[in-house]
Amino acid sequence: MDMKKIIKMREMSNNQKGVIKKVSASGDIGRRVREMGLVQETPIQIQGRAPLKDPVAVKIRDYVLTLRNNEADHIMVEVDE
Amino acid sequence: MNNKKTMKNKIVIALSGNPNSGKTTVFNAITGARQQIANYPGVTVEKKVGHVTHKGRKIEVVDLPGTYSLTAYSLEEIVARDFLVNERPDLIVDIVDASNLDRNLYLAVQFKELGIPLIIALNMVDVAESRGIRVDHQQLSTLFGTPVVPIVARSNRGIQELLDKVLEVAQEGQQWHPAVISYGTDIDQSLDEIEPIIEGSKIFNKKYPSRWRALKCLEGDSQIIELLKRDPSLGQGIDAICKKTSKHITDTLEEEPEGIIADHRYGYITGITKKTVKRKIEARLNLSDKIDKVLTNRIIGPLIMLAILYVIYVFTFSASEAPVGWFEAFFDGLNNVASSVIAPGYLQSLITSGIIDGVGGVLGFVPLIMFMFFAIAIMEDSGYMARVAYMLDRILRWFGLHGNSVMALIVSGGISGGCAVPGVMAARTLRDPKERIATLLVVPFMNCGAKLPVYAVLIGAFFPAHKARMMFYLTLLSWGFALFAAKFIRATVLKGPKTPFVMELPPYRMPTLRGLLIHTWERTWQYVKKAGTVILGFSIILWVMMTFPGPSKEQVRSFEDQRIRLTQSFLASPDVNEWVKDEKGLAGLNDLYDSYSKATKENDRVPLADSNKQALLSLVKAVLFLESDRLSKQETGDGLLNAAACYINYTHDIINVGVQEQQSALKGTIAGWLGQRLETITRPLGFDYRTNIALVGGFAAKEVVVSTLGTAYSLGDVDPDKAGSLSERLKNNPDWNPLVAFTLIIFTMLYVPCIVTVIMIRRESSWKWAGFSIGFNLIVAYFVALIISEVGAALGLGV
């Protein structure tokens, strides 16, 4: 069986897939990311990063969402080891 | 409410949907060109209303702002929400992107909870199918409990069916039926507790369903928290329930109620979409993703971006060159007509120099601005603008701005030749008020199209060898000033946290010509309307300032006396007596000189003088030879030469009197008085009263700086509108040198935004910030110019 581990979204590499396990952001950021569909058990895939490695683009629910690295820190993702 | 009343006349529908769901395309497809733009009361959010008659029924379509949700955290969402409950449209048509169903339904669920009759327009079913996503719309309709109409708005497919459905639902005259969605035991329980409290309270009107309000209490919605303050005991009761629930959820689930609510909404949606969406292929890279691999590539991406911006710059300027010429020709023609129809005097001067020149100067830019907007509309409608924001966010964030600020900066002149008026409007996409105001305040630093003529004249005069390079440096400098000013503003008066950059990268789409034209027209029209009216007023004010009170009678007479004295002493001179004897003879000489020198300059055939003017002709020839330093001894005797020299001196003296008269006339006006008073402040920068007058005029519109300098430095006989000749005059003026010119260039770049921009800033923020913008920019401009001037002088550049 594949081993799973939970990491921050920022730490994911390009094209890596994973499933959101926790969104710890609150306030404005928490609201924004949730209404855009970043909630528990949602599968995501890292699409790429901006030229200065920030923000990050994520494929989620059939569309591409971008968010800054410090926002991605609040999102814990389960990925294959 | 008044449902029955509106039913009789017309059906009112609200058009809603996520940004990028194709809402605008649907709106245009339904209403065509019959639309009006206004603002929602009290806010700057645009409200578009269109009309259509379908099967004999009048339908009014109100375009709600594109939103992802219905919280109270952005102006657009509050506006949408308030419109729905206050205006009570008959029904809402929610445009849902079929290729991105989950997120689009998040808004639809909230409409269901609000209870308003709802139709889902399933848009872009063709795009979805090309990506292997097939939505069973009947199943969706059954499970979601609302009518669903599949459409392709771009090609008008399904629009008639959608309107049929609108009539059908409106005919039923449905009441509001708020849907109840389960948010898990904890939340449901507290909703059950709060709902009756709200139901029984008098501070709430019945516009919103009570359960919706209860939910908003748990979400910590600012609008409802404001309302609760009106009844403290009630508020405390509800607050206690919310706190208890929140603590319980945080303890057991390590989440806040808001998170749980969002989780459940998405859970509800996923439950439905799992049964309605069939995927043929497992999510592969679609075309849009593939394009992004190139356009947002770490190395090629920024290069392509620069190339695209450069192409827009070239396109805008080359395409608009001819139409700008037509506009100029049109206003010139208008001026000629006005001059010939109206008798010379104050009225003619007001209409020609004041109104036509002023308004024409600004409206002359319309083609340029239109092409600029067209190019920007392509960037927006294709989805590329979002990529630019994405790529530049990291840099802009360091300066306290936001990825989305880039749009406003580019429109305002980031690639030279924009306009701050639409730039200020473009800042609307920024959600955070502090980031938005900071952007508003720095966009006037960019090199808008009106500053370019000023640069052109000064560069032409003092840096002729480096024209292109200077323009490039000035572009870089304006970015630098704007960004560092933003950083300063965000660290001082607009201190505050950075807002999140949670932004969708919409799929690339081929823009439709209709969409592009509508976008371009809307913005251009706003510019014309504002610029037209405001500039008209200010042109008149400026004209008054530069005309009145004007020279006194004594001054006019003294210049006239000077002229008479010069003429008398010229005629009295023994050298000229042989050729010219009286004033009539002098007039003849003047005429002959004018026609002869004009003919020589234009290489025309020199007109044959009749025999009794032969003597005079040889004098004119001698004058021209003397002036051109080409002496031909055979033709000119000593006496002739002396007479020619006399004539040359005489004409120069007369011109000088004219210049002095103009200048004293200018000094004698309100603007002149102001310019002279300002000299005490501007002397360190090397600006005299004439430059000051020009800068005061530039407050109306920056291009006025050039025309005013032209007037102030005019030499009477030279066409003051010709930039080239102004360049010459400045170059030859002892008060001017490259350092003064460069100081003026930078000062023009930075000092007060033009009046139209100030008015727009006020509209988008407040008088306070509009006033701040004037003061701040003036101070920055002054000190930067002072530093340049002082450092330059210390380095010995000012010679």
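Predicted model: local features only at pLDDT ≥ 70, side-chain atom pairs only at ≥ 80, totals over all residues.
Reader: What area is buried between chain A and chain B?
Author: The size of an interface is often given as the accessible area lost when the parts come together. Carbon and sulfur atoms give 49% of the area here. In chain A, the residues that lose the most area to chain B are A:E35, A:P51 and A:R68, together 19% of what that side buries. The area buried between the two chains is about 3,700 Å².

Reader: How many salt bridges does the rule find across the interface of chain A and chain B?
Author: Side chains of opposite charge can pair when their charged atoms come close. One salt bridge joins B:E255 to A:R34, with N to O at 3.0 Å. Across the interface of chain A and chain B, the count of salt bridges is 8.

Reader: Which residue of chain B stands opposite A:L65?
Author: β5(A) and strand β10 of chain B run antiparallel and are joined by 3 bridges. The residue in β10(B) that stands opposite A:L65 is B:E504.

Reader: Is A:D54 buried or exposed?
Author: A:D54 and B:R394 meet in a salt bridge, N to O at 3.7 Å. This pair crosses between chains, from the loop between β3 and β4 of chain A to helix α17 of chain B. B:R394 counts as partly exposed, because its relative accessibility is 30%. A:D54 has a relative accessible area of 5%, and buried means under 20%, so A:D54 is buried.

Reader: How many residues apart in sequence are the parts that B:K10 and B:E60 tie together?
Author: The side chains of B:K10 and B:E60 meet in a salt bridge of 2.6 Å, N to O. B:K10 lies in the loop between α1 and β1 of chain B, while B:E60 lies in strand β4 of chain B, so the pair ties together parts that are 50 residues apart in sequence.

Reader: Which helices of chain B hold B:E435 and B:R490?
Author: These two side chains, B:E435 and B:R490, meet in a salt bridge of 4.0 Å, N to O. The pair ties together parts that are 55 residues apart in sequence, because B:E435 lies in helix α20 and B:R490 in helix α22. Both B:E435 and B:R490 are buried. The helices asked for are α20 and α22 of chain B.

Reader: Which residues are joined into one network by salt bridges that share partners?
Author: The structure holds 39 salt bridges over all chains. Some of the bridges share partners, and the network they form takes in residues of chain A and of chain B. Its members are A:D54, A:R68, B:D393, B:R394 and B:R397.

Reader: Which residue in the turn between β3(B) and β4(B) has a positive phi?
Author: β3(B) and β4(B) run antiparallel and are joined by 7 bridges. These strands form a hairpin with 2 residues between them. The phi in question is about 50°, and the residue is B:K55.

Reader: How many residues of strand β6 of chain B are buried?
Author: β6(B) runs parallel to strand β5 of chain B, with 6 bridges between them. B:L118, B:I120 and B:L122 point one way from β6(B), whereas B:I119, B:A121 and B:N123 point the other way, and all are buried. The count of buried residues in β6(B) is 6 of 6.

Reader: What percentage of the residues of chain B count as buried?
Author: Chain B has 34 helices and 10 strands. Its C-alpha trace spans about 115 × 55 × 55 Å along the principal axes. Of the 799 residues of chain B, the part that counts as buried is 53%.

Definitions and conventions. Residues numbered from 1 in each chain as written. Chains lettered and ligands numbered in written order. Heavy atoms only, no water. Buried area = accessible area lost by both parts, 1.4 Å probe. Pairing = 2+ DSSP bridges. Helix = DSSP H or I, 4+ residues; strand = E, 2+ residues; numbered from the N terminus. Buried < 20%, exposed > 50% of the residue type's maximum accessible area, 1.4 Å probe, protein only.
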